[in-house]
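User: Please take me through the charged pairs in this model. Keep it brisk.

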Amino acid sequence: MALSGKLEADIEIKASAEKYFNIFKSQCQHLPNISSSNLQGVDLHEGDWDTHGSVKLWKYTVEGREESYKEKIEIDDENLAVTLVGLEGDVFKNYKSWKATFQATPKGEGNSVIKHILEYEKLNQDVPVPNPYLDFIVRISKDIASHLNN
């Protein structure tokens with residue numbers, strides 16, 4: 001059984017790809033207000049809020065558990081994508097590596113498709129596939145879409 005895996009989910013939103021991308025790129029400090037049922041806080045540890053390579057610590061709730069996740073952001077302006085590369089946190093109790101990517105692609109007038117990619121390596125074969133975390137990041141994107149439509 002393979003220890004490495006990748007989960008993907010696409011959703012269509014009624015918001016521009018650029019506006020969605022900019023929330024993650026330069027306004028992520030507002031995400032706990034946008035998705036308060038999922039995210040309780042985000043603190044900047046290194047760099048700036050909108051700089052490639054900056055490090056942030058997230059506090060969030062998944063499946064009723066409060067957890068934290070320290071990540072380094074990779075920003076791909078050309079492809080309207082951000083990747084959050086895991087450095088430390090609760091997910092590392094079960095996973096050796098962890099990376100979440102959000103990519104926004106324009107689709108028609110003012111709409112876009114958000115691709116969520118969760119790449120991971122389990123510590124052992126008994127660790128479950130992290131479907132609840134994929135559902136969690138999709139919920140955040142839906143909250144962002146609702147925010148952008150208000």
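Analyst: A salt bridge here is a side-chain nitrogen of Lys or Arg within 4 Å of a carboxyl oxygen of Asp or Glu. The model is a predicted one. Side chains of opposite charge can pair when their charged atoms come close.

User: Is Glu-8 buried, partly exposed or exposed?
Analyst: Buried means under 20% relative accessible area, and exposed means over 50%. Glu-8 has 41% relative accessibility. Its salt-bridge partner Lys-6 has a relative accessible area of 49% and is partly exposed. Glu-8, at 41%, likewise counts as partly exposed.

User: Which residue forms a salt bridge with Asp-10?
Analyst: The closest N and O atoms of this pair are 3.3 Å apart. The pair links distant parts of the chain, with Asp-10 in strand S1 (residues 4-13) and its partner in strand S7 (residues 112-122). Asp-10 is partly exposed, at 45% relative accessible area. The partner, partly exposed at 24%, is Lys-115.

User: How many residues apart are Asp-10 and Lys-115?
Analyst: Asp-10 sits in strand S1, and Lys-115 sits in strand S7. The salt bridge therefore joins distant parts of the chain, as the limit for such a pair is set on atoms, within 4 Å.

User: Which residues are linked with Lys-6 in a network of salt bridges?
Analyst: Lys-6 pairs with Glu-8. Asp-10 pairs with Lys-115. These pairs belong to one network, in which Lys-6 is linked with Glu-8, Asp-10 and Lys-115.

User: In the salt bridge of Asp-90 and Lys-93, which residue is buried?
Analyst: The side chains of Asp-90 and Lys-93 meet at 2.9 Å, N to O. Lys-93 is exposed, with a relative accessible area of 60%. Buried means under 20%. At 18% relative accessibility, the buried residue is Asp-90.

User: How many salt bridges does a search of the whole structure find?
Analyst: Among them are Lys-6 with Glu-8, Asp-10 with Lys-115, and Asp-90 with Lys-93. The search covers the whole structure. The total is nine.

User: What span should helix H3 have, at 1.5 Å a residue?
Analyst: Helix H3 runs over residues 131-149 and has 19 residues. Its end C-alpha atoms are 27 Å apart, which agrees with the expectation.

How values were computed. Residues numbered from 1 in each chain as written. Predicted model: local features only at pLDDT ≥ 70, side-chain atom pairs only at ≥ 80, totals over all residues. Heavy atoms only, no water. Buried < 20%, exposed > 50% of the residue type's maximum accessible area, 1.4 Å probe, protein only. Helix = DSSP H or I, 4+ residues; strand = E, 2+ residues; numbered from the N terminus. Expected span 1.5 Å × (residues − 1).
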